[in-house]
Structure formats: structure tokens, C-alpha cells
Amino acid sequence: MNKHQRSRLLKRSDIVHVPAGVLLTKQVSKGGAKFLRYFKTTIPKKALFLEYFLNNERTCYIEYGEETWFVNTSYISLVE
């Protein structure tokens with residue numbers, strides 16, 4: 001979703017559309033080490049918007065498949 005498509009900023013608990021082929025990222029800790037885990041969506045799905053990452057509108061957290069992921073905000077859109 002870019003600035004021209006978005007009529008308003010996303011708010012916590014908004015339902016968003018995540019298309020197929022979007023790369024989701026999350027930080028995982030294991031044994032004191034931190035690493036990134038990636039997941040590429042294979043089917044379109046709805047997700048719950050949680051918040052923008054560090055108040056930056058370009059990246060946000062969503063709840064997708066009962067897990068919290070980072071995603072580039074330009075790849076998702078508000079379900080209206």
C-alpha cells in the first residue's frame with residue numbers, strides 16, 4: 001500500500017490483506033543468539049495490523065498465522 005492508495009494510516013486491530021508472494025520477517029532468539037526467520041506467503045490471506053515499526057510507516061508488525069511478523073507496509077492493504 002503506497003501513499004496514493006492509503007486514505008489513512010493503519011490503526012491497531014485493522015484487518016489487512018497480505019497477497020501471495022510477500023516476504024514476512026521475524027526476529028527469533030535461540031540459545032542467546034538472535035537471528036531472522038523468513039516466510040514467503042503462498043496464498044492471499046487476511047492479517048491483523050499491530051503497529052508501525054519504530055513509528056516508521058514503511059515497516060509494520062502484523063499478526064499472520066498466529067505469529068507476529070515484520071512486513072514492508074507497501075505490500076499490504078487495508079480491508080475495507
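Here are some friendly notes on the salt bridges, the nonpolar core and a surface patch of this predicted model.

1. Some ground rules to start. Residues are numbered from 1 along each chain as its sequence is written, and side-chain values use heavy atoms, with hydrogens and water left out. Because the model is predicted, local features need pLDDT of at least 70 and side-chain atom pairs count only at pLDDT 80 or more, while totals for chains, interfaces and linings use all residues.

2. How many salt bridges does the structure hold? There are three, a salt bridge being a side-chain nitrogen of Lys or Arg within 4 Å of a carboxyl oxygen of Asp or Glu.

3. Take Glu67 and Lys26, whose side chains form a salt bridge at 2.8 Å, N to O. Glu67 sits in strand S6 and Lys26 in strand S2, so this pair ties together parts 41 residues apart in sequence. Strands here are DSSP runs of E with at least two residues, and helices are runs of H or I with at least four, numbered from the N terminus.

4. Glu67 also meets Arg37 in a salt bridge through their side chains (3.0 Å, N to O). With Glu67 in strand S6 and Arg37 in strand S3, the pair ties together parts that are 30 residues apart in sequence.

5. Is Lys26 buried or exposed? Lys26 is buried, at a relative accessible area of 15%; buried means under 20%, exposed over 50%, and partly exposed in between, with a 1.4 Å probe and protein chains only.

6. Lys26 belongs to strand S2, residues 23-30. Leaving aside residues up to four places away in sequence, Lys26 touches Phe35, Leu36, Arg37, Glu67, Thr68, Trp69 and Phe70, where contact means heavy atoms within 4.5 Å.

7. The remaining pair to look at is Arg12 and Glu51, a salt bridge whose closest N and O atoms are 3.9 Å apart. This pair links distant parts of the chain, with Arg12 in the segment before S1 and Glu51 in strand S4, 39 residues apart. Arg12 is exposed at 54% relative accessible area, whereas Glu51 is partly exposed at 39%.

8. The largest nonpolar core has 15 residues, and Val16, Val18, Ile62 and Ile76 touch the most other members. Such a core is a set of buried Ala, Val, Leu, Ile, Met, Phe, Trp, Tyr and Cys residues joined through side-chain atoms within 4.5 Å. Strands S1 (15-18), S4 (45-53), S5 (56-64) and S6 (67-72) are the elements giving two or more residues to this core.

9. On the surface, Leu23, Leu36 and Tyr38 form a nonpolar patch with about 310 Å² of accessible area together. Patch residues have over 30% relative accessible area and no salt bridge, with nonpolar side chains (Val, Leu, Ile, Met, Phe, Trp, Tyr) joined within 5 Å and like charges within 9 Å. Leu36 is found in strand S3, residues 33-40, and is partly exposed at 45% relative accessibility.

10. Finally, Leu10 lies in the segment before S1 and is buried, with a relative accessible area of 5%. Leu10 and Leu24 are 14 residues apart in sequence and 18 Å apart in space, C-alpha to C-alpha.

Definitions and conventions. Areas by Shrake-Rupley, 256 points an atom, 1.4 Å probe, with all protein chains shown as cover.
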